[in-house]
Amino acid sequence: MWHRIAAFIIKFRITLLLLLLAVTIFMGYQASQVQLSYEFTNAIPTDNPKYLDYQAFRKQFGEDGNLMVIGVQTDKFFEQDFFTGYSNLVHQLEKVKAVENVLSIPGAINLKKDTASGQLKVVKLAEADTNADSFKNAFYNLPFYKGFLYNPDSNSYLMALRIDKKVLNSKNRAGVVNEILKYADSFGKQHGIEMHYSGLPLIRTMMASQVQSEMNLFLVLSFVLTAVILALFFRSFMAVLASMLVVAAGVVWSLGTVVLMGYKITLLIALIPPLIVVIGIPNCVYLLNKYHSEYSKHQNKAKALLRMVDRMGIVTLFTNLTAAIGFGVFFFTKSALLKEFGLVAGVNIMAIFVISLIFIPALFSFLPPPKSRHTSYMESGWITRLLDMLTRWVFSHRMWIYGATIIICIFSVMGMMRLNSVGHIVDDLPKEAKVYQDLKFFEKNFRGVMPLEIVIDTKKKNGAAGLPVLQKMDELGIYLQQFPEIGHSLSITDGIKFARQAYYEGDSSSYAVPNTFDGAFIQPYLRGKGDKNSMFNKLLRSFMDSTKQKTRISINMADVGSKRLPVLLDSIRPKVAELFDSTRYHVTFTGTSVVFLEGSKFIINSLRDSLILAFIMIFGCMVALFRSWRILLISIVINIVPLMITAGIMGWQGIPIKPSTVLVFSIALGITVDVTIRFLVNFKQELKRHDEGIAETVRRTIHDTGLSIIYTSLILVAGFAVFILSDFDGTKSLGYLTSLTLLLAMVTNLTLQPALLLWMDKALSKNKSADFLMEDEGEDEELAENDKL
């Protein structure tokens, strides 16, 4: 089959090149429409109970992740000059487009009882007390704001900006966030004070912007780095240019695919373009290396091109197929985030195979044959010495290789037993980044700003408005304050306690849930005589559904991580069960914190399952290719050892299992198998062609494949190493762990693999004429016929 494909490509090379150009132009147009994704919750399956709870909450009460906070720490807050400047900042931020409202100290309100109208009137403190000192006294008399807008123990002050959720899910979010930062930074410089920022709108925007800039950086670096290595390898401008054109087309196709499939650029999808560069280059190296080696034998360009496709077509097909499987298995998970990544990556890895298989032979058929300086790399002195050394080790020190491998694997297993699984909302942000440091500022002074929601369903109309429920909610709120990770909570009870304080002429000691005695007197003031715009009715709409059957408690909490959050919620549930009998109430824990960390846990489990599936599918391909259980056993051992060592190093170094680090194993497996296939296919072909013994064929295979394996491995290692420059810890881990695994795979494929083949020498010799060695009938005849072309 490959003989006919080779002849077809050469015969119709002009048509195929024009077709590639047309498809690339079309994909380029599609790629120009690509957009960034700002979603945080699409990692979790849409049928997951926690996802369904969250969607029901959003439908009932609106968005919970659209609050951005700005904090300062100073003992001069209520000095007239600073307070006036802070008030002006609030007014500026209120005018920013898409900012719905600003909760701040200068904008704080008080409630006044109006006996004549029977209502509680809303009074702005800034209007009633224009002097900063008198404002301070009035403000500190309102317990409602304590722990919410200020922390008196640390002199920390906060304002919260609610941003339009439609803008947050669009490309305009960056402009809104940057405008907010501009005003706040200007205020900070004017008064010589550090400004602190946090909240999901800011974190999402910063991460999305960083994803876009890093994708461009990695693309450029991967192109430059691989071009330099190729230039040192081939010493041919056209070889480098052809390879760069192949991967450039692959990158364009990958971005076009994202748009055609209706996806957006996520943190994972942003890795695909540089990955296409890294994975596509070995295709070019294998093909060009075979072309040069064949041409060196007989000085016939046409024959060399045909033999290149014939001999390397099956190798590049299976190497790309196994890599595509390594990524593509993510499509079979239930996570939208992983599905998109797996599908786009898998499809485009096969696309880069098609591009390279057509473009390389078609282009070089028009170019003059390679000169001696272009093929001199095949006689590189240091490579030859290295391969000779490896050969001596394989033939003379096999027991040392086996022993070292076993010892390293034992230590690796010990390290694997130390692995921990944990994920955080800001997991990938570097610890020294301002966003991360500011988040810690809010966790230290306000116990965090991540949203957690507790929804209480009373199972009956008007049930949430009853005094017993309000008292239970207040008791739960007080109980939650004992947990250091849980900050200020806000519910309908806080508004009612505020109203009770107003009813008792502003006495701060009256800030409490009404009892049976005074509840009847306060109730008329809360209702506002049917006024839908009254303070209490607005509060009702925010914290109760229209039937007053359900109510919620909104909590700010620290980014405790996927390991601590379930423990924390399990600690709260007994108290919830004690207060809210399950036969009469249904209580749900939801919010962005719960959904995101559930998604993180789900991704880890999905990656584990997909890794197992990748093993089955990849080694199924190996069975189809070699039809030998002995070769399958060797390939399994060769590819498991590097993964085990990497996992062991992670355990010893304390690197946790999280989405970005688990991803390493599936990616590395799909790529390292490529090297194994390259070695074993050559071993199979040489064993048949020369009819030599196993030992001599192993020796020949090390020298025939060692050059391309070393160079392609170095290209892959260098390509993934560029991710180490990322500001995201996850991407950084992906870079150096994958590079390490690929480097280990190169070593095991050139040492342990030939050693195992020699160990099985006797068994393989007996089956030399078996299925493992079978070739398509008429191969020699077809090769001779193609050579005539």
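Author: Helix H4 covers residues 80-94, which is 15 residues. In this predicted model, H4 reaches 21 Å from its first C-alpha to its last, close to the 21 Å expected at 1.5 Å a residue. The buried residues of H4 are Phe-82, Phe-83, Gly-85, Tyr-86, Ser-87, Leu-89, Val-90 and Leu-93. An α-helix has 3.6 residues a turn, so residues three or four places apart point the same way. Phe-82, Tyr-86, Leu-89, Val-90 and Leu-93 are among the buried residues of H4.

Next come the aromatic rings. The structure holds 35 aromatic pairs. One of them joins Phe-77 and Phe-78, with 5.0 Å from centre to centre and 75 degrees between the planes, an edge-to-face arrangement. Both residues are buried: Phe-77 has a relative accessible area of 0%, and Phe-78 has 8%. A further pair is made by Phe-144 and Tyr-145; their planes stand at 90 degrees and their centres are 5.1 Å apart, so this pair too is edge-to-face. Phe-144 is buried at 14% relative accessible area, and Tyr-145 is buried at 6%.

Rings also take part in contacts with charged side chains. The charged end of Arg-13 sits over the ring of Phe-366, 4.8 Å from the ring centre. The charged end of Lys-113 sits over the ring of Tyr-503, at 4.4 Å from its centre.

Another lysine, Lys-575, lies in helix H22, residues 564-579. Is Lys-575 buried or exposed? Its relative accessibility is 14%, and buried means under 20%, so Lys-575 counts as buried. Neighbours within four places in sequence aside, Lys-575 is in contact with Glu-475, Leu-476 and Tyr-479.

Of the 28 residues of H26, 20 are buried, so H26 is largely enclosed by the rest of the structure.

Last, the cysteines. A disulfide is a covalent bond between the sulfur atoms of two cysteines. The count of disulfides here is zero. Cys-284 is buried, with a relative accessible area of 0%, and Cys-409 also counts as buried, at 13% relative accessibility.

How values were computed: Residues are numbered from 1 along each chain as its sequence is written. This is a predicted model: local features need pLDDT of at least 70, side-chain atom pairs count only at pLDDT 80 or more; totals for chains, interfaces and linings use all residues. Side-chain values use heavy atoms; hydrogens and water are left out. Helices (H or I, at least four residues) and strands (E, at least two) are DSSP runs, numbered from the N terminus. The expected span of a helix is 1.5 Å times one less than its number of residues. Buried means under 20% relative accessible area, exposed over 50%, partly exposed in between (1.4 Å probe, protein chains only). Contact means heavy atoms within 4.5 Å. A disulfide is a pair of cysteine sulfur atoms within 2.5 Å. Rings of Phe, Tyr and Trp (its six-membered ring) pair if their centres lie within 6.5 Å; planes under 30 degrees apart count as stacked, over 60 as edge-to-face and the rest as tilted. A charge sits over a ring if NZ of Lys or CZ of Arg is within 6 Å of the ring centre and within 35 degrees of the ring normal.
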